[in-house]
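Dear colleague,

I am handing over a structure for you to examine. Please find it below, followed by an account of what was found in it.

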Amino acid sequence: MNRLIEKLIKIISLFIIHLFNCFPIKNNKIFMTSYYGSQYGCNPKYITEYIVRNMPQDHFDIVWAFNDVIQHKHIPYIRKVKNMSLKYFYELCTSKIVITNFRTTDLFVKRKEQYYIQTWHSSLRLKQIEKDAEDRLPKSYVEMAKKDSKKCDLLLSGCKFSTDTFKRSFWYNGEIFEHGTPRNDFLLNQNVNLKRNVFSLLNIPSDYKIVLYAPTFRNHQDHTIYELEFEKIIQTVENTFGGKWIFLVKLHPHLLSISNNIIRGKNVLDVTNYDDIQELLSVSDILISDYSSLMFDFAMTRKPCFLYVPDYEEYTAKDRNLYFNVLELPFKVAMNNEELLHKIIHFETKTYSKNLDQFFFKIGTYEDGKASENLVRRINNICFGESREIMNEAV
């Protein structure tokens, strides 16, 4: 019955798309979505905010699709539509530019005059993706990914290593835009007001420093894998780095219902519900993660990063192969809580900085804090042509 309903919805949706694809495209309209409408974040958010800060008002008509429009009603400078609504299909079908950070489905029937920008959702990744991990991905996803790549006009890359990965594994032969990652511009260009706002929102005293714990999701029910000795770590970082510290813990949204069982202790705050991880990375002084690509984003800040991987052998055997040996990354790696405390105590800033430099050289980073600027210049030319170089006035 469910499959029949899904098939019926798809047929109706395709009919609506066919109808709206007869409407004229609006050259200044940009349609954005992030993680299938679940959040206002990642690269599409930072492209949007660059446009709002640097372009004349109403130069672009920016439309965002959300699963929950009411949750995002506080964002004043974009138009919002509910995912899969009639208005959603109209806006999607009549936009000149479509930008997303994930694969699109069959319900994006790209028109000849449209331009589709795929930002992806990481500048660099540890876990293998797409064709490199094809044997561990659902067949339905692989087919969707192949179709999506055929629609794509521009794919963003944060480094030469990512470019090489995309050429090999993304089922894509089009242009790769080698100018960095919009969401990392944010980390390279620190915002004092943001820190004040985040601290105020989370009720953190202004003189505190932050340890952020952000592990990736596991496909099993052993939730003890996420547990850290939070209070011992706070005491250790205070003794090692000085000052007063608080722990922020952002688990995967799938673990929201049980986060209270994992996150416990004095000065330990559950921020699993926080919408934008880039903001948390920006205000944090130390990151503890595992296999998440967040480590590579946070590396841009050059602040200490530690990897807690107690299930390293099991994870690599049962989940996905990795592009890098974690022991050869510039970050300190711990297999248990005791080892993590030891790594923190013996952290050496000079050695870490040197290792970061070597790693950035190895991957051939393109990150310079101007990814959004370069991309918006390209978008402006696509929408209006080079005869309307408004960017020179706005930047």
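In what follows, contact means heavy atoms within 4.5 Å. The model is predicted, so local features need pLDDT of at least 70 and side-chain atom pairs count only at pLDDT 80 or more, while totals for chains, interfaces and linings use all residues. Residues are numbered from 1 along each chain as its sequence is written, and side-chain values use heavy atoms, with hydrogens and water left out.

I begin with a loop residue. S292 sits in the loop that joins β11 (286–289) to α11 (294–298); helices (H or I, at least four residues) and strands (E, at least two) are DSSP runs, numbered from the N terminus. S292 has a relative accessible area of 11% and is therefore buried, a term that means under 20% relative accessible area (1.4 Å probe, protein chains only). Once neighbours within four places in sequence are set aside, S292 is in contact with A214 and T216.

Next, helix α15 (residues 371–384). The buried residues of α15 are A371, S372, L375, V376, I379, N380, C383 and F384. They lie on the same side of α15, because they cover an arc of only 155° around the axis; the arc is that of the directions from the helix axis to the C-beta atoms. Just after α15 comes G385, with a positive phi of about 85°.

On a 1 Å grid over the protein atoms alone, a cavity is a set of points where a 1.4 Å probe fits but cannot get out, whereas a pocket is an open set with protein on both sides within 12 Å along at least five of seven lines; lining residues have an atom within 4 Å of a point. Grid points are joined across faces, edges and corners, and a volume is the space filled by probe spheres set on the points.

The largest cavity holds about 50 Å³, and its lining includes S123, F296, M300 and E367. Helix α14 (residues 349–363) gives the largest share of that lining, three residues. The second largest cavity holds about 30 Å³ and is lined by T119, S122, S123, L156, S157, G158, G180 and T181.

Finally, the second largest pocket has a volume of about 260 Å³. Of its 15 lining residues, T33, Y36, Y88, T104 and T105 are the closest to its centre. Two or more lining residues come from each of β1 (26–33), α3 (86–93) and β4 (95–100).

With kind regards

Conventions
Buried means under 20% relative accessible area, exposed over 50%, partly exposed in between (1.4 Å probe, protein chains only).
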